[in-house]
Amino acid sequence: MKKIICKVEYDTDNAQLIAKLTSGQYGDPAGYEECLYQTEDGKFFLYVNGGSESPYTEENIKRMSAAKAEEWKAKL
């Protein structure tokens, strides 16, 4: 997935996957996944996707600061 946020392109195909959190199983309407990525220039972003009853009903990308990325990794 690609998304431009504040004139910066975030692309899951061109970034390094750092960690992944999965809740539920495939097909679970409340299930979701969060994937933390880092771009070549050091920016972090979170790719999210989930079922119709999850916190992420649509596929999306959210940019993150390095500090927030560390907080997110700590909850794994």
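Author: Buried residues account for 32% of the 76 residues in the chain of this predicted model. Methionine 64 is counted as buried because its relative accessibility is 19%, and a residue must fall under 20% to be classed in that way. This methionine belongs to strand S6, which covers residues 60-64. Its C-alpha atom lies 9.6 Å from that of glutamine 38, although 26 residues separate methionine 64 and glutamine 38 along the chain.

Read from the N terminus, the order of the elements is β-β-β-β-β-β-α. The radius of gyration is 12 Å, close to the 11 Å given by the globule rule for 76 residues, so the chain is as compact as a globular protein of that length. The C-alpha trace extends over about 35 × 25 × 20 Å along its principal axes.

The part you ask about, the largest pocket, holds about 220 Å³ of space. Its lining comprises 13 residues, of which Gln25, Tyr26, Gly27, Gly31 and Tyr32 are the closest to the pocket centre. Three strands each supply at least two residues of this lining: S3 (16-23), S4 (32-38) and S5 (44-50). By residue class, the lining of the largest pocket divides into nine polar, two charged and two nonpolar residues.

The cysteines deserve a separate remark. Cysteine 6 is classed as exposed because its relative accessibility is 55%, and the threshold for that class is over 50%. Cysteine 35, by contrast, has a relative accessible area of 5% and is therefore buried. A disulfide is a covalent bond between the sulfur atoms of two cysteines. In this model the count of disulfides is zero, where a pair of cysteine sulfur atoms would have to lie within 2.5 Å to be included.

Note on methods:
Residues are numbered from 1 along each chain as its sequence is written. This is a predicted model: local features need pLDDT of at least 70, side-chain atom pairs count only at pLDDT 80 or more; totals for chains, interfaces and linings use all residues. Side-chain values use heavy atoms; hydrogens and water are left out. On a 1 Å grid over the protein atoms alone, a cavity is a set of points where a 1.4 Å probe fits but cannot get out, and a pocket is an open set with protein on both sides within 12 Å along at least five of seven lines; lining residues have an atom within 4 Å of a point. Grid points are joined across faces, edges and corners, and a volume is the space filled by probe spheres set on the points. Helices (H or I, at least four residues) and strands (E, at least two) are DSSP runs, numbered from the N terminus. Ala, Val, Leu, Ile, Met, Phe, Trp, Tyr, Cys and Pro count as nonpolar, Asp, Glu, Lys and Arg as charged, and the others, Gly among them, as polar. Buried means under 20% relative accessible area, exposed over 50%, partly exposed in between (1.4 Å probe, protein chains only). The radius of gyration is taken over C-alpha atoms; the globule rule is 2.2 Å times the number of residues to the power 0.38.
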